[in-house]
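This briefing summarises the strand arrangement, nonpolar cores and charged contacts of the structure shown below. Please read it alongside the coordinates.

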Amino acid sequence: MEGTKALVLDQRDNVSTALTDLGPGETVSLGGAVVEIRQAIPRGHKFAIRPIPRGAEVVKYGQPIGRATADIAAGHHVHVHNLASQRATPKEQS
């Protein structure tokens, strides 16, 4: 995996995980597509691989992990500042 900068595990994903710190202006090749990084992305954090409109699901590992709270451009950091976590709420018991 030498030289690999990011990882996408499922074709439905709209985010990738940085395997190293990434800086603005860097490019990342992901299965034939190239994404230009627009913001600093710390190692282990997510970035959008295509535009994600506000309210749309953020998908990682082929599963929704939350919703975008703002429009997220390709190459932008996806984290708590623009992602509302998707958590199951316990059912009320009678």
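**Salt bridges and overall architecture**

K5 and E26 form a salt bridge in which the closest N and O atoms lie 3.3 Å apart. K5 belongs to the segment before β1 (6–7) and E26 to the loop between β2 (15–18) and β3, so this pair ties together parts that are 21 residues apart in sequence. The model is a predicted one. The protein has 9 strands and 0 helices.

**Charged pairs**

- The structure contains 4 salt bridges.
- K5 is partly exposed, at a relative accessible area of 29%, and E26 is likewise partly exposed, at 27%.
- A salt bridge also joins the side chains of R12 and D10, with an N to O distance of 2.8 Å.
- The side chains of E57 and R67 form a salt bridge with an N to O distance of 3.7 Å.
- E57 is located in strand β6 and R67 in strand β7, so the pair ties together parts that are 10 residues apart in sequence.
- E57 counts as partly exposed at 33% relative accessibility, and R67 is partly exposed with a relative accessible area of 38%.

**Open sheet β6-β7-β9**

- An open sheet is formed by 3 strands in the order β6-β7-β9, with antiparallel pairing.
- From one strand to the next, the twist averages 45°.
- Strand β7 (residues 63–68) is joined to β9 by 3 bridges, and the two run antiparallel.
- Within this pairing, A68 stands opposite L83 in β9.

- Strand β3 (residues 27–30) and strand β4 (residues 33–36) run antiparallel and are joined by 4 bridges.
- S29 has V34 in β4 as its bridge partner.
- The hairpin has 2 residues between the strands, and G31 takes a positive phi near 55°.

**Nonpolar cores**

- The largest nonpolar core comprises 10 residues: A6, A18, L22, V28, L30, V35, I37, I41, F47 and I49.
- Another core, of 8 residues, lies apart from it and includes I52, A68, I72 and L83.
- In soluble globular proteins, nonpolar side chains tend to be buried together.

- Of the 94 residues of the protein, 34% count as buried.
- The accessible surface comes to about 6200 Å², with 49% of it belonging to carbon and sulfur atoms.
- Among contacts between residues at least 6 apart in sequence, 43% join residues at least 24 apart.

Definitions and conventions. Residues are numbered from 1 along each chain as its sequence is written. This is a predicted model: local features need pLDDT of at least 70, side-chain atom pairs count only at pLDDT 80 or more; totals for chains, interfaces and linings use all residues. Side-chain values use heavy atoms; hydrogens and water are left out. Two strands pair if DSSP finds at least two bridges between them. Axes are lines fitted to C-alpha atoms, for helices over the stretch in contact, and angles run from 0 to 180 degrees between N-to-C directions. A nonpolar core is a set of buried Ala, Val, Leu, Ile, Met, Phe, Trp, Tyr and Cys residues joined through side-chain atoms within 4.5 Å. Buried means under 20% relative accessible area, exposed over 50%, partly exposed in between (1.4 Å probe, protein chains only). Contact means heavy atoms within 4.5 Å. Accessible areas come from the Shrake-Rupley method with a 1.4 Å probe; for residues, only the protein chains shown count as cover.
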